[in-house]
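The sequence and structure are shown below.

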Amino acid sequence: FGEPLPLSAEHGQGMINLIDRLKSEISKLTPPAKEDETDLEDDELRDIIEIAEDSASEELEEEEKDFRVRIAIIGRPNVGKSTLVNSLLGEDRMLTGNEAGLTRDAIDTDFTYRGRDVKLIDTAGLRKKNKVFEELERLSTARSIETIKNSDVCIIVIDAELGLDKQDLTIASYAVSEGKGLIIVLNKWDLIKNKKEKLEEVKDKLEISFSQVKEIPIVCISALKSRGINEMMKEAFEIYDLRKQRITTGRLNKWLDKVVAMNPPPLSRLKRPMSIKYITQSATRPPTFTMFVGGASEIPENYKRYLINSLGETFGFNKIVIRLKTKTSKNPYKDKK
């Protein structure tokens, strides 16, 4: 069949190569054009393609602004994930029962909740690796992990009677490491008698395990009785909006001057003062900040943690993951003799 042409029809990528190939093939089948017949010059054709590609990029940016809130329902098997999805949708869409592992794959559902478009994903329960035997379950686990990567907010459903265990913390840790929004949902809360003690127990475990996120929301619900669902979704939308928030460079540098004055950075390895020049937000989802540092020394991790904590408290990011990167200014005399 000849050499294949890689392209993306949806995004307009690779179209130049396709048109060049078509022109080459057509020229073999058609007689030479007369002198008064003119075709588009290659440069003009490429300009048209570039304009089309730019237009496609702009459309993608517009779609990104209005994209649905992608919420992944994750957790161990048989904690009520599918029941929660059914309660949100108001219909028995997912198969539920007492037997663990009824959901074998991630199931996407699009719906609107209080005026906001949502893509809800019910995932298969994540087990420990040594308990994953069947090939189908291996695929389900891989799909669940992929779902976490592609989500905006991860809702970890926990059986309140069993409490928060190591496997739940592992799942939560993975979601946090991927920079996702995180909500802990204690399901079957109506069955708990010592509610205050149980809630304090979960809070203590989260505080010990997740120093990078200060205020992970904890919502107590009953998926079967549809209690606490509104509060859970309110938290999900708030976290989604926080992850998209952008802080102006001016506000960031006013904050930086203040926190550095209150607590200056330590001396470098050469016993010289570290120079933090300025900071800017370089990305969203999660909010990522880049700090430019003078000299060749790296900012110590404990001081970077101080800055991240202050960023979260000042700009209201305590419920989500934020990232702080550092860049070292180049020495203009380094390569000169």
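A search of the whole structure finds six aromatic pairs, where rings of Phe, Tyr and Trp (its six-membered ring) pair if their centres lie within 6.5 Å, and planes under 30 degrees apart count as stacked, over 60 as edge-to-face and the rest as tilted. The rings of Y113 and F237 have planes at 50° and centres 6.3 Å apart, so this pair is tilted. Because Y113 belongs to strand β2 and F237 to helix α7, the pair ties together parts that are 124 residues apart in sequence.

The model is predicted: local features need pLDDT of at least 70 and side-chain atom pairs count only at pLDDT 80 or more, whereas totals for chains, interfaces and linings use all residues. Residues are numbered from 1 along each chain as its sequence is written, and side-chain values use heavy atoms, with hydrogens and water left out.

Helices (H or I, at least four residues) and strands (E, at least two) are DSSP runs, numbered from the N terminus; two strands pair if DSSP finds at least two bridges between them. Two open sheets are described here.

| β2-β3-β1-β4-β5-β6 | mixed | β2 (107–113) and β6 (218–220) |

In the six-stranded sheet, β2 runs antiparallel to β3 (residues 116–122), joined to it by seven bridges. Within this pairing, I107 stands opposite D122. Helix α7 (residues 229–244) lies across β1, β2, β3, β4, β5 and β6, running at about 170° to β5. Such angles run from 0 to 180 degrees between N-to-C directions, with axes fitted to C-alpha atoms, for helices over the stretch in contact; contact means heavy atoms within 4.5 Å.

A283 stands opposite T288 in β8.

The lining of the largest cavity has five nonpolar, five polar and two charged residues. Here Ala, Val, Leu, Ile, Met, Phe, Trp, Tyr, Cys and Pro count as nonpolar, Asp, Glu, Lys and Arg as charged, and the others, Gly among them, as polar. Among the lining residues are S211, K214, R305 and F317. A cavity is a set of points on a 1 Å grid over the protein atoms alone where a 1.4 Å probe fits but cannot get out, and lining residues have an atom within 4 Å of a point.

Conventions: 1 Å grid on protein atoms, 1.4 Å probe; cavity = no way out; pocket = protein on both sides within 12 Å on 5 of 7 lines; lining within 4 Å.
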